[in-house]
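Please read each point with the structure open.

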Amino acid sequence: MKTTGGIFRLEQHGTTVKKEVTAGAIGYFTIVYIIAVNAMILSEAGMPFEGAVMATILASFFGCLVMAFWANAPILLVPGMGINAMFTFTMVESMGLTWQEALAAVFVSGLLFMVVAFTRLSSILSKAIPKALKEAITVGLGMFLLLIGLEKGGIVERGSSALISLGDISDVKVIAAILTFLVAIFLFIRNVKGGFLWSIGFGTVLGFLFGIEPQTGQSGMGLSEYASVFGEMSFAKIVELPFWIAAFSITMVLVFENIGLVHGHMDMAGTPEKYPKAFQSNAFSAATCGVFGTSPTVSTVESAAAIAAGGRTGLTSLTTGVLFLASTLFIPYLKWIPDHAIAPILMIIGGLMIQNIRHMDLRDLTEAFPAIFIIAMIPFTYSIADGIAIGFILYPILKIANGKAKDVSLPLYIIAGLFLVNFLVHSVH
């Protein structure tokens with residue numbers, strides 16, 4: 001490959017093939033845990049586990065390729081944590097969509113995301129939504145992931161009355177979850193490369209030692225299961241309001257989460273001019289996820305590890321994508337991973353997202369209370385869409401009550417109105 005006139009313009013970026021490939025490999029080992037974690041969350045929506053694994057791998061491979069060749073940026077695109085929980089626990093379990101209908105909503109949200117990314121809407125929406133609400137969505141997602149992780153580990157449990165209570169600490173699965181969490185958080189704080197992967201391995205081995213029965217999958221590569229997932233979108237409920245509320249809610253999360261992440265990654269890589277194409281790559285990749293059979297891909301936080309390792313061009317993301325494709329060889333062994341090995345990762349990532357609360361200025365109560373309600377209601381209602389809706393409806397109401405109606409943008413009034421209409425329609429039914 002030529003270094004000056006080649007596709008990735010390595011010399012122009014002050015890098016080499018070795019640096020880029022090494023950075024891509026490091027990025028892969030920091031994010032490869034997503035294959036098992038995402039598939040496990042999607043399987044709770046009713047998708048075949050092996051099919052969800054294959055969908056995660058192929059969506060990640062394709063997303064990294066799009067980022068590599070369209071934006072020439074070292075950003076890794078994989079199914080996002082938080083939004084996969086939204087897919088399963090909000091769209092399927094709370095809103096009553098089948099996983100096939102949820103995939104259709106993902107596809108539609110991807111198209112809406114593309115409209116935003118390829119037009120001036122991205123800057124209009126970014127300016128229209130207050131920072132407090134944007135940050136609150138991330139913090140609320142973090143709280144939700146933390147709760148799911150605690151439940152998966154058996155550390156807390158929901159009773160028949162939906163009340164959260166402390167789990168049986170003497171249960172061997174809970175003990176295994178706690179020990180795995182301690183190892184995972186130690187490796188994470190020590191910044192050990194591939195720490196999440198090591199902690200999953202530790203938790204899996206611990207499960208064997210404690211006699212915890214794993215789920216054993218088939219010996220194939222999951223291709224037959226994937227045939228029942230690929231392209232299985234159902235638009236049966238596209239004329240119903242809940243479908244559009246689900247698609248709209250995903251779009252909101254995708255737009256605001258990726259605006260911040262892509263800006264941050266491009267600044268870190270020293271190439272802020274690549275932001276538009278990198279953002280567009282996010283949108284196009286997300287639009288294909290409904291076809292692949294998974295929740296949407298996002299610009300992952302772990303991209304920072306690849307950039308810190310010297311990644312500056314699309315060769316980094318291409319390397320990661322190729323390694324994801326090679327992961328198909330390990331599909332038969334992924335079902336051996338128990339819940340308690342996955343739970344600590346959900347808890348740690350949730351904790352990282354909650355840290356965004358430090359960016360919020362809560363001195364103005366008309367800003368603070370809508371944000372606080374988003375943060376609280378997402379985990380309390382077990383619905384990301386409802387949590388976002390309550391905060392977005394409350395924001396203009398409090399501004400009007402305080403004589404600051406002009407502080408609310410027209411797009412935000414429209415968004416709040418749509419959420420309010422959805423609540424009214426549901427209350428009638």
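1. Helices (H or I, at least four residues) and strands (E, at least two) are DSSP runs, numbered from the N terminus. The model is predicted, so local features need pLDDT of at least 70 and side-chain atom pairs count only at pLDDT 80 or more, while totals for chains, interfaces and linings use all residues. Residues are numbered from 1 along each chain as its sequence is written, and side-chain values use heavy atoms, with hydrogens and water left out.

2. Two residues deserve a check of the backbone. Asn72, in the loop between α3 (49–71) and β1, has a phi near 50°, a positive value in a residue other than glycine. Asn72 counts as buried at 5% relative accessibility, where buried means under 20% relative accessible area, exposed over 50% and partly exposed in between (1.4 Å probe, protein chains only). Arg9, in the segment before α1, also has a positive phi near 50°; Arg9 is partly exposed, with a relative accessible area of 31%.

3. Aromatic pairs number 17 in the structure. Rings of Phe, Tyr and Trp (its six-membered ring) pair if their centres lie within 6.5 Å; planes under 30 degrees apart count as stacked, over 60 as edge-to-face and the rest as tilted. Phe107 and Phe235 make an edge-to-face pair, with 6.3 Å between centres and 80° between planes. This pair joins distant parts of the chain, 128 residues apart: Phe107 belongs to helix α5 (residues 99–117), and Phe235 to the loop between α10 (223–227) and α11 (241–269). Phe107 is partly exposed at 23% relative accessible area, and Phe235 is partly exposed at 33%.

4. Phe188 and Phe196 form a stacked pair, 5.8 Å centre to centre with 5° between the planes. Phe188 is partly exposed, at 34%, whereas Phe196 is buried, at 8%. Elsewhere, ring pairs connect Phe62, Tyr226, Phe230, Phe284 and Phe292 into a cluster.

5. Lys277 lies over the face of Trp70, 4.4 Å from the ring centre. The criterion is that NZ of Lys or CZ of Arg is within 6 Å of the ring centre and within 35 degrees of the ring normal.

6. Helix α4 (residues 83–92) is mostly covered, with 10 of its 10 residues buried. Among them are Phe87 and Phe89. The buried residues of α4 pack against α2 (34–43), α5, α7, α11 and α17 (384–401), contact meaning heavy atoms within 4.5 Å.

7. The largest pocket holds about 1300 Å³ of space. On a 1 Å grid over the protein atoms alone, a pocket is an open set of points where a 1.4 Å probe fits, with protein on both sides within 12 Å along at least five of seven lines; lining residues have an atom within 4 Å of a point. Grid points are joined across faces, edges and corners, and the volume is the space filled by probe spheres set on the points. Of the 49 lining residues, Leu261, Thr300, Val301, Glu302 and Leu352 are the closest to the centre of the pocket.

8. Which helix gives the largest share of the lining of the largest pocket? Helix α11 does, with 11 residues. The lining divides into 27 nonpolar, 16 polar and 6 charged residues. Here Ala, Val, Leu, Ile, Met, Phe, Trp, Tyr, Cys and Pro count as nonpolar, Asp, Glu, Lys and Arg as charged, and the others, Gly among them, as polar.
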